[in-house]
Amino acid sequence: MAKRKKRNSIANQPGLEYLSLGGHNLSAEAKKSISAVVLALLAAISLLSLVQPEGLIGQYLYSAISQLLGWGRWFLPIFLLALAIFIYYRERLRITTIKFVGWGLLFASLQSFFHFCLAEDHWLSYIADGQGGGYLGYGLTWGLTSLFGYWSSLVLTVAILIISLIFIF
């Protein structure tokens with residue numbers, strides 16, 4: 001029987017090893033640096049669109065971020081910049097995967113908590129004004145309250161918030 005050649009497919013390669021530039025493979029360090037720069041750029045653009053939305057894209061970003069995240073929109077640039085720093089200095093700072101999970105849980109639980117601060121009868125109507133936790137907070141809060149009820153969901157949200165801080169620190 002004839003041997004088949006193995007194809008070099010994207011699915012068989014872990015991470016971002018399939019990225020190349022002009023036929024030259026990028027080193028792991030270059031990929032890490034590019035990822036950090038892109039995240040820092042997104043942090044800067046999101047902050048600028050929140051502080052002073054200019055132009056069509058700036059106004060669109062402000063509206064989209066405000067409706068998606070509500071009061072949590074102010075944390076988005078911080079989280080993106082922190083993620084950029086963590087990716088770039090991961091080995092030096094000894095940042096583990098559990099810290100990344102902690103930051104994600106913190107962000108999500110804050111969005112849910114922000115929505116719990118609003119009157120339950122009007123949760124959906126607050127989103128258009130960029131209040132509460134936005135669509136993300138509404139979705140999480142609505143899902144939790146549908147499953148566990150209001151007070152149990154609030155306690156669960158606070159517990160997840162505390163657990164996320166434990167993961168981070």
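My entries on the fold, the core, a pocket and one threonine follow.

**Ground rules.** I am working with a predicted model, in which local features need pLDDT of at least 70, side-chain atom pairs count only at pLDDT 80 or more, and totals for chains, interfaces and linings use all residues. I number residues from 1 along each chain as its sequence is written, and side-chain values use heavy atoms, with hydrogens and water left out.

**Fold.** I found eight helices and two strands in the chain; these are DSSP runs numbered from the N terminus, helices being H or I of at least four residues and strands E of at least two. Along the sequence I read β-β-α-α-α-α-α-α-α-α. Of the 169 residues, 30% count as buried (under 20% relative accessible area, with exposed over 50% and partly exposed in between; 1.4 Å probe, protein chains only).

**Core.** I looked up the largest nonpolar core and found 16 residues in it. Such a core joins buried Ala, Val, Leu, Ile, Met, Phe, Trp, Tyr and Cys residues through side-chain atoms within 4.5 Å. Among those with the most contacts inside it are Ile65, Leu69, Leu106 and Leu110. Two or more residues each come from H1 (28-51), H2 (55-69), H3 (76-88), H5 (97-116) and H8 (150-168).

**Helix H3.** I checked its length: 13 residues at 1.5 Å a residue should span 18 Å, and the end C-alpha atoms are 18 Å apart, which agrees. The expected span is 1.5 Å times one less than the number of residues. Buried residues of H3 include Leu76, Pro77, Ala84 and Phe86. Its buried residues pack against H1, H2, H4 (90-93) and H5.

The largest pocket holds about 150 Å³. I take a pocket as an open set of points on a 1 Å grid over the protein atoms alone, where a 1.4 Å probe fits, with protein on both sides within 12 Å along at least five of seven lines; lining residues have an atom within 4 Å of a point. H3 and H5 each give two or more residues to the lining, and H3 has the largest share, six residues. I noted Phe79, Phe100, Trp103 and Gly104 among the lining residues. By class, the lining has nine nonpolar, one polar and no charged residues.

**Threonine 145.** Leaving out residues up to four places away in sequence, Threonine 145 touches Phe116, Trp123, Tyr150 and Ser153 (heavy atoms within 4.5 Å).

Technical notes. Points joined across faces, edges and corners; volume = space filled by probe spheres on them. Nonpolar A, V, L, I, M, F, W, Y, C, P; charged D, E, K, R; others polar.
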